Amino acid sequence: MAALPVFRWRLAPDGYATRRQLRAQGLRPGGQGVAAQLERPRRRWGPLVAYLYRIDAAKPVRPMTPGRWVALAAANAARRTCPQCRRDAGYVIPASLGMCVTCAYPDPADPPRSV
């Protein structure tokens, strides 16, 4: 197994890109392995590493199908639904609370809500 080429931060040659850079171009790695890596030195810990992929071997991003759009909408709706009161909170329920803010911190002056 050959070692990966290592480049210094911001000094990678043309033809290589990170996953985010590929995505910005409408591409994905497409099953290819890591072709190289970038290293950014740090003083106290080991270097920051970013993996690079070859742009010429990248494939276009798969388009969203109607079924994927439906599944994504259902997943987002589930993240917004409070498990306590079963209402759409209008925002993603914080994992730290596990319920909407209204259920987590009820106002003592408000009458209790029926479930």
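**Reading burial and contacts in a predicted model**

Modeller: Glutamine 37 is buried, its relative accessible area being 13%. In this scheme buried means under 20% relative accessible area, exposed over 50%, and partly exposed in between (1.4 Å probe, protein chains only). The model is predicted, so local features need pLDDT of at least 70 and side-chain atom pairs pLDDT 80 or more, while totals for chains, interfaces and linings use all residues. Residues are numbered from 1 along each chain as its sequence is written, and side-chain values use heavy atoms, with hydrogens and water left out.

Colleague: In which strand is glutamine 37 found?

Modeller: Glutamine 37 belongs to strand S4. Strands (E, at least two residues) and helices (H or I, at least four) are DSSP runs numbered from the N terminus.

Colleague: Which residues is glutamine 37 in contact with, leaving aside neighbours within four places in sequence?

Modeller: A contact means heavy atoms within 4.5 Å. With those neighbours set aside, glutamine 37 contacts Leu4, Pro5, Val6 and Phe7, as well as Val49, Ala50, Tyr51 and Leu52. The side chain of glutamine 37 also makes a polar contact of 3.1 Å with that of glutamate 39. A polar contact is a pair of N or O atoms within 3.5 Å, one able to donate a hydrogen and the other to accept it; residues adjacent in sequence count only if both atoms are side-chain atoms.

Colleague: Where does glutamine 32 lie, and why does glutamine 32 count as buried?

Modeller: Glutamine 32 is in the loop between strand S3 (27–28) and strand S4 (36–40). Glutamine 32 counts as buried because its relative accessibility is 17%.

Colleague: Which backbone oxygens lie by polar atoms of the side chain of glutamine 32?

Modeller: The backbone oxygen of proline 29 is 3.3 Å from a polar atom of the glutamine 32 side chain, and that of arginine 54 is 3.0 Å from such an atom. Not counting residues up to four places away in sequence, glutamine 32 touches Tyr53, Arg54, Ala57 and Ala58.

Colleague: What is the accessibility of proline 66, and in which helix is its place?

Modeller: Proline 66 is exposed at 66% relative accessible area, and it is placed in helix H2 (residues 66–80). Its C-alpha atom is separated by 41 Å from that of arginine 40, 26 residues apart along the chain.

Colleague: How many of the 115 residues are buried, as a percentage?

Modeller: Buried residues account for 17% of the 115. Of the contacts between residues at least 6 apart in sequence, 50% join residues at least 24 apart.
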